[in-house]
Amino acid sequence: METVKFGHTGLKVSKLCFGTMTLGSSEWKPWALDEADARPILKRSLDLGITFFDMANWYSTGEGERVVTSTLMSMVPRDHLVLTTKAKYPMSDDPNDKGLSRKHLLSSVDASLRRMGTDYVDIFMVHAFDPDTPIEETMETLHDIVRSGKARYLGASTMFAWQFAQMNHVARENGWTPFVNMQCQYNLLYREEEREMLPYCRDQGIAVTCFSPLARGWLAGSEDCRSQTDAWFARNFGDALDLEIIAQVKAIATAHDATMAEVAMAWVCTKEAICCPLVGAGSVSQLEDNVKALDLELGLDEIEMLDGLYKPRDVINDYVPERMPRHLGGVLSGS
Amino acid sequence: METVSFGRTGLKVSKLCFGTMTIGSSEWKPWVLDEAEARPLLQRCVELGITFFDTANWYSIGESERVVASTLISMVPRDQLVLATKAYYPMSDDPGDCGLSRKHLLSSVDASLKRMGTDYIDLFIIHAFDVETPIEETMQALHDIVKAGKVRYLGASTMFAWQFAQMNHAARLNGWTQFVNMQCQYNLLYREEEREMIPYCRDQGIAVTAFSALARGWLSGSKKVRSQTDINFVNMYGDALDIEIIGKIEAMAAEHSTTMAEIALAWVIAKEDICCPIIGASSVSQVENNVKALDVELTADEIEMLDDLYRPRDVINDYVSEPMPRYLQGQADGTG
């Protein structure tokens, strides 16, 4: 697999990053795989050349970090891996066991390292913006974590562009470590980050990694376990335009004798603004499908056709609890 | 008229700002008023308590600054006015006579002061983002202009939130003067700034002023000469949802026995995030109509009803040459 430069840093990563939210403990979510089921998928990832693995403390509430890292390190020397983990979401009912406070971040990184069985994480990410903590407190703490050797680089996820820019500004104004990575949602059904976040990251040389390249399975044509059990995920997509885009993906897949997932992933891979798509997988064959997308060459007319279908929609993140629907529903009929 | 604090500054301004793109020279655009016609309008603004006037070097290529400032200063002591002007758009074919370069900004502010017949501008606004000039060059030049006493405060207009944030960051990093004002388009038909720009400004205490409060006349129900001659403005609005929203405003105006313009403006005034709406007018009666909006009290239910009609649309600015049409049910091919 191709190795790419991680934005404006010296770090090199595999073109695809394996997103491990599906690995850990089936007690956490019904679609999460336990250790024994996870092992063959991780093994196959390595065989296929993936060296970049994305985790979070919150995935299976710590079990994700333990299962993924211990399995990978039993197969590959630690330094050959690029491992990320995240902090922000609640790890318990304790009010301090979440967020981006100094108290939580310092405890959280230590707990993650202990579960992972390593003394450093390559990219330590804030999973989302914390409106309850001053940005200065967060950025100084993250800098201390980097200086103490526990994290090599910093990343962030799920926030507005102005919040991300403010965090970096605070870091730079104080001589602290800025973020080198933004992980955001990006796929054929959700391209709102093209407005502000991607241009900002391009300007600043920040590596963009993107999750949900298959829009929670919608673009793979699957009605899988997760979209049926996970109401939050299901309700983000599925309006009339989404369905039309999905149908076009299906038609192109047929023309290429490929799966829909390959087409949707290949489209993301054509976007220069995206450094690495995250691939998720609930099975070895799903993983192989995703990796095959790297070899699928879409024609310029096909890319243009897919590009032309999108229409603006509301933001999907933690801070917009009630999204405006894109289509008009009954409004036009004069309700 | 109510006086409001201008964001996190000591400056006080009238709640309504008078936007003067319509004043200057009819040779520039057919809908622009010449000096003699402009005078009664400006006179009425002053009588109604407006002290905050927004112009730009580009409006009537300098004539707006001259007509507006000289007329106002003949009626009111200079220090009682808050005058804003802008720089960025081309003033001639000279490639150096536009943009946010040090060369252009320093010449531009002097030319504006000369035309305005004053030795300071209260608010000097960059009209848009200049992708060809390093941000540091622009921010240092603006700082020098402030320190030279030619300008009291800095503002900006028409750019992405990340660009605006970067400019302020460059100023802060270097100890230069930051922007205290963002002037952006905001009305019932265009609310995209609620996503990034307005929350950023709220966080930073930056005063937001809103232009096109009536969406180029669409929200006042008028089909005037400007909307017929100015293709750029017409193309922005008028899809099926816009027409639906306009219909609701018409109905609400009838219930309140007011004009549509008053309802549309009252809705903007009700938004705490907007420090001052900018009103434009081509006649004394339009000014009076706009000012009457301050007395229209929309109920919480009415505001919520209007709020709920909006759906996401593409950005309108200089950097998005072909905005995506909004998705309308039954028009999934996007040609609607």
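# Close-up views of a predicted two-chain model

**View 1. B:Thr158 is buried, with 22 other C-beta atoms within 10 Å.** Buried here means 20 or more other C-beta atoms within 10 Å of the residue's own, exposed means 12 or fewer, and partly exposed covers the range in between, with C-beta atoms placed from the backbone. The model is predicted: local features need pLDDT of at least 70 and side-chain atom pairs count only at pLDDT 80 or more, while totals for chains, interfaces and linings use all residues. Residues are numbered from 1 along each chain as its sequence is written, and chains are lettered from A and ligands numbered from 1 in the order in which they are written. B:Thr158 sits in the loop between strand S7 (151-157) and helix H5 (161-174) of chain B. Helices (H or I, at least four residues) and strands (E, at least two) are DSSP runs, numbered from the N terminus. The phi of B:Thr158 is positive, about 50°, although the residue is not a glycine. Most residues other than glycine have a negative phi.

**View 2. A:Ser60 is a non-glycine residue with a positive phi of about 50°.** The loop that holds A:Ser60 runs between strand S4 (52-54) and helix H2 (63-73) of chain A. A:Ser60 is buried, because 26 other C-beta atoms lie within 10 Å.

**View 3. Helix H4 (residues 135-147) of chain A has 13 residues.** From first C-alpha to last, H4(A) reaches 18 Å, close to the 18 Å expected at 1.5 Å a residue; the expected span is 1.5 Å times one less than the number of residues. A:Thr138, A:Met139, A:Thr141, A:Leu142 and A:Ile145 are the buried residues of H4(A). They lie on the same side of H4(A), because they cover an arc of only 160° around the axis; the arc is that of the directions from the helix axis to the C-beta atoms. These buried residues pack against helix H3 (102-116), strand S6 (121-126), strand S7 (151-157) and H5 of chain A. Just after H4(A), A:Gly149 has a positive phi of about 90°.

**View 4. S7(A) pairs with S6(A) and is joined to strand S8 (residues 181-185) of chain A.** Pairing requires at least two bridges found by DSSP between the strands. S6(A) and S7(A) are parallel over five bridges, with A:Ile123 bridged to A:Tyr153 in S7(A). S7(A) and S8(A) also run parallel, joined by three bridges; A:Gly155 has A:Asn181 of S8(A) as its bridge partner. Six of the seven residues of S7(A) are buried, so S7(A) is largely enclosed by the rest of the structure. Right-handed β-α-β units are formed by S6(A), H4(A) and S7(A) and by S7(A), H5(A) and S8(A). A crossover is right-handed if, with the strands pointing away from the viewer, the path from the first strand over the helix to the second runs clockwise.

**View 5. B:Thr138 is found in helix H4 (residues 135-147) of chain B.** B:Thr138 counts as buried because it has 25 C-beta neighbours inside 10 Å. Leaving out residues up to four places away in sequence, B:Thr138 touches B:Leu100, B:Asp130 and B:Thr133; contact means C-beta atoms, placed from the backbone, within 7 Å.

**View 6. The contact between the chains takes 26 residues from chain A and 30 residues from chain B.** On the side of chain A that touches chain B, helix H5 (161-174), helix H6 (197-204) and helix H9 (240-256) each give two or more residues. H5(A) supplies the largest share, seven residues. By class, this side of chain A has 14 nonpolar, three polar and nine charged residues. Ala, Val, Leu, Ile, Met, Phe, Trp, Tyr, Cys and Pro count as nonpolar, Asp, Glu, Lys and Arg as charged, and the others, Gly among them, as polar.

Note on methods: Two residues are in contact if their C-beta atoms, placed from the backbone, lie within 7 Å.
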